[in-house]
Amino acid sequence: MTHQNVIRMNHVSKSYGKKRIVEDICLSIERPEILGLLGPSGAGKTTLVKMIAGIEEVTDGEICLLGERMPRLKLMEQIGYMAQSDALYGELTAKENIYFFAKLYGLRGKTMKGQCEKALELVGLLDDQNKIIDTFSGGMKRRLSLAIALVHHPRILILDEPTVGIDPVLRNQIWEQLHELKNEGITIIVTTHVMDEAERCDRLGMIRNGRLLALDTPEGLKQDTRSQTIEEAFLFYGGGAHAQ
Amino acid sequence: MRSKAIASRIIRQFIRDKRTLALMLIAPLFILTLVSLVFNGKDYHPTIAFVHVPKKIIQTLDTKDTHIKTMEQKRAQTAIHNGDIDAIVSNDQGTLKVLLEGSDPSTNQAILQWLQKQQLKGQPGKNLSVHYLHGGKDLNSFDNFGSVLLGFFVFFFVFIVSGVSFLRERTTGTLERLLSTPIRRGEIVCGYIFGFGLFTLIQSTLVTWYSINVLNMWMVGSFWLVLLIIVLLALTALTLGTLLSAFANNELQMIQFIPLVIVPQVFFSGLFKIDTISDWISWIAPFMPLYYGADALRNIMLRGNGFADITLDILALCGFILLFVVLNILVLRRYRKL
């Protein structure tokens, strides 16, 4: 396998009208890892991951995935995206939802069934697969969204606040799962504002007002800011929502 | 293939959402039945008073569907003013003078047709002179009402259902989720057309069959041509609904398109004669899908015209569908450029 950057972002900016949402971000991921994006709400995390996922276009700069410039339809097959809100069809069952998305990724027949089943099992929903989504709890919907993001075996997994509304036990399981996926060679980008989750990322990017203020391992960030915890480091970079 | 996934998903959702399914299938039947009950006074037997008409003429009259009375001029005048009788036929120096109560076009027509039939039975040399107590012969007839309503209701319900469901795709975030997959924008639009197409086909068949066979709507043309026009109208409504849903932020705003987009089409669909609409506004008619749909339906159902006579209407409707499909694909660019 030729070694190429998984993700490379070159001076990426995004504006809506005159409003700058993301400002001049450079970042690269060379080998599979879990990259956390930490920042207060409104910092531009979601816009940034949407650009990586190819839903939004950059205003300036460029994003390359697996050596090719985004957005490209072909590249989107390599991406699993889990949005902040659960984008599920409430009238359908869990199985029907995951089958639908699996088909959109071009999966068919036995392969599709097998991969759907595996993904549902991963998030502990195999027994609930025939239930209608409207009867699901918030946590179950979150887990199903995660299963759908995984179903087509993407090489890059983008998770926008994946563990909101999920209880600590399950959250723990999901994070163990994410590390296993990483070991299988999947690159994971996850946005969060939960500090103990941030600790579990390989690298952390601190984002505020659309800028990437720091990018390092959790340990590195703590050392640089002479903090005991990630929370202190986060506050050091002015990351607190009420910091100003 | 991705279109197929979307289409089959829509079909599943539809089957789960029984109320919406009922709205599409039952509501048009219900309303058309109501309208036919209100306007189709088919079983009404008019009452006609004869004044100074020779007995031997009256004896030849067919009284199966008509009540006939002989009266004095004065009493007859009072009766027609009170609405007790529908017409007075009087002998005025060899001419039969007909005075119609006149406020109900369908009654007027029934009486005149009946009188004409009686004349054929052989009263030579008798001319009819027709007068109206109220209204006149220029009152709109509701004969061509039904065929237009048939098209309108299908258009209306498909517009609402498709518009709202596409809107919900956007507000629940599933559209964004769809756009994070390698699906093409065109595939989404096609998926919607196929998925909804199945239900509009069922709806169109049911509504057309019901109107013709149960409501006895006037129908001299081909059932299949009527179905074709209804399906084309439904597809126009479907693509227009999904297109306009892009400009609504919630279901209420979708409903707000009804007075703006749907109601004006009624005025230009032939329920009101376009010739009598002011010139400065009547130019708008050819821009409305229902104008062509209604024209075609009237041509088939009332006049029994064939494919050749409605080719222009069919082309116009296909043009609208194509235009709306392209616009849908372009509008989706707002959510993903690719």
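Me: Before the interface, what counts as a salt bridge here?
Reply: A salt bridge is a side-chain nitrogen of Lys or Arg within 4 Å of a carboxyl oxygen of Asp or Glu. The model examined here is predicted.

Me: Which residue does B:R2 pair with, and how far apart are the closest N and O atoms?
Reply: B:R2 forms a salt bridge with A:E77, and their closest N and O atoms are 4.0 Å apart.

Me: How many salt bridges does the rule find across the interface of chain A and chain B?
Reply: Five salt bridges are found there.

Me: Which elements of chain A give two or more residues to the side that touches chain B?
Reply: They are α2 (73-76), α3 (94-104) and α5 (138-150) of chain A. The largest share, five residues, comes from α3(A).

Me: And how do the residues on that side divide by type?
Reply: On the side of chain A that touches chain B, 17 residues are nonpolar, three are polar and nine are charged.

Me: How many residues are in contact, and what area is buried?
Reply: Contact involves 29 residues of chain A and 27 residues of chain B. The two chains bury about 2700 Å² between them, with 61% of it on carbon and sulfur atoms. A:L73, A:E91 and A:L104 supply 24% of the area that chain A buries against chain B, more than any other three residues.

Me: Changing topic: what domains does the assignment give for chain B?
Reply: Chain B has domain 1 (47-132) and domain 2 (142-334) in the domain assignment. The centres of these two domains of chain B, taken over C-alpha atoms, are separated by 45 Å.

Note on methods
Residues are numbered from 1 along each chain as its sequence is written. Chains are lettered from A and ligands numbered from 1 in the order in which they are written. This is a predicted model: local features need pLDDT of at least 70, side-chain atom pairs count only at pLDDT 80 or more; totals for chains, interfaces and linings use all residues. Side-chain values use heavy atoms; hydrogens and water are left out. Domain bounds come from an automatic or database domain assignment. Contact means heavy atoms within 4.5 Å. Buried area is the accessible area (1.4 Å probe) that two parts lose on being put together, summed over both. Helices (H or I, at least four residues) and strands (E, at least two) are DSSP runs, numbered from the N terminus. Ala, Val, Leu, Ile, Met, Phe, Trp, Tyr, Cys and Pro count as nonpolar, Asp, Glu, Lys and Arg as charged, and the others, Gly among them, as polar.
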